[in-house]
Amino acid sequence: MTANSHPARPVILGQNQYGKAENRVVKITRDGDTHHIRDLNVSVALSGDMDAVHYSGSNSNVLPTDTTKNTVFAFAKEHGIESPEAFGIELARHFVESQEPIHRARIRIEEYAWERLAASDASSRFIGADEVRHSFVRKGQETRVAQITYDGEEFEVLTGLKDLTVMNTTASEFWGYVKDKYTTLQEDYDRILATSVSSWWRHTWTGGEQRPPAWDKSYAEARKHMLHAFVETYSLSLQQTLYQMGSRVIENRAEIDEIRFSMPNKHHFRLDLEPFGLKNDAADGAVYFAADRPYGLIEATVLRDGAEARIPVDMTNL
């Protein structure tokens, strides 16, 4: 063996999956003259006995991705779409139990909400804003998400949301932080707190004889509790607010054991208007510069005591 040679290193196949991504399916349900819409973006990922297709190109164990796409649309018609979670459970079970080479199916779903319009005199009031007048949510921006994984024995159901933009125009401070020679940020005792909430939470339901949650109600209640916590927390840090939001969900929803948040701090900087002879105090109704980047990114998981942390830190790594 020469000085520059080395023993041959075997090359083996690692984790792999395949499927059809982003199948856009819209299901209309007619209840007399009243119509209901479920508007989903469904991605299917399948894994199992797939060595041969990678090593030799044999497709003998491969269910075409076009077939997975057709299945999504056929199931929407055959089974309807009661909720993203229920639809994903049906799909995941079908792929694993109907195809022997497939050992695991993961269904990711985004749902785009449609709000019913009235002919006239319509009004919409955001829950939680009755008593507190400094909290706001941008309507129509939130996307509901779900991920259902089935391995032939147990389901794992994650529900969540993204792009839920909220703001408190007062009741937030930031001071007492570490300062070094690079620190220029001034302490603030009356600041805007704004963020775009992305969150995943894990249900205790795993299938079998367990009764599944009422998925739509569970989603609505989890969302309600996290927003109530945002409204009612006098915030000394975004981390504190995040923890209160997660705690409120865990404490009030027995079907949820774990919740993870990713919350960018959408900075609003109070401008110095002294050069123009103008004071710009928060107490008088200030003018702010909204900076979209760079932004502080606050992320954390909140767990029921004794529960195992299973939601990946980075959901793209699946």
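**Salt bridges, a charged patch and a buried serine**

Colleague: Are E85 and R144 buried or exposed?

Modeller: Both E85 and R144 are buried, where buried stands for under 20% relative accessible area, exposed for over 50% and partly exposed for what lies in between (1.4 Å probe, protein chains only). This is a predicted model, in which local features need pLDDT of at least 70 and side-chain atom pairs count only at pLDDT 80 or more, while totals for chains, interfaces and linings use all residues. Residues are numbered from 1 along each chain as its sequence is written, and side-chain values use heavy atoms, with hydrogens and water left out.

Colleague: What do the side chains of E85 and R144 meet in?

Modeller: They meet in a salt bridge at 2.7 Å, N to O, the term being used for a side-chain nitrogen of Lys or Arg within 4 Å of a carboxyl oxygen of Asp or Glu. E85 belongs to helix α3 (residues 84-98) and R144 to strand β5 (residues 143-150), so the pair ties together parts that are 59 residues apart in sequence; helices (H or I, at least four residues) and strands (E, at least two) are DSSP runs, numbered from the N terminus.

Colleague: How many salt bridges are there in the whole structure?

Modeller: A search of the whole structure finds 19. One of them joins K179 and E187, with the closest N and O atoms 2.8 Å apart; K179 is partly exposed at 46% relative accessibility, and E187 is partly exposed at 32%. R293 and D292 form another, with 3.6 Å between the closest N and O atoms, and here both R293 and D292 are exposed.

Colleague: And which residues are joined into one network?

Modeller: R38, E85, E111, R144 and D216, through salt bridges that share partners.

Colleague: Switching to the surface, which residues gather in the patch of negative charge?

Modeller: D272, E274, D281 and D284 do; such a patch takes residues with over 30% relative accessible area and no salt bridge, like charges being joined within 9 Å, and Asp and Glu count as negative. D272 sits in the loop between β9 (268-270) and β10 (288-290), and D272 is exposed, its relative accessible area being 56%.

Colleague: Last one: where is S247, and is it buried or exposed?

Modeller: S247 is in helix α5 (residues 238-252) and is buried, with a relative accessible area of 10%. From C-alpha to C-alpha, S247 and V302 are 6.7 Å apart in space, although 55 residues separate them in sequence.

Note on methods. Patches are made of residues with over 30% relative accessible area and no salt bridge: like charges are joined within 9 Å, nonpolar side chains (Val, Leu, Ile, Met, Phe, Trp, Tyr) within 5 Å. Accessible areas come from the Shrake-Rupley method with a 1.4 Å probe; for residues, only the protein chains shown count as cover. The place of a charge is taken as NZ of Lys, CZ of Arg, CG of Asp or CD of Glu.
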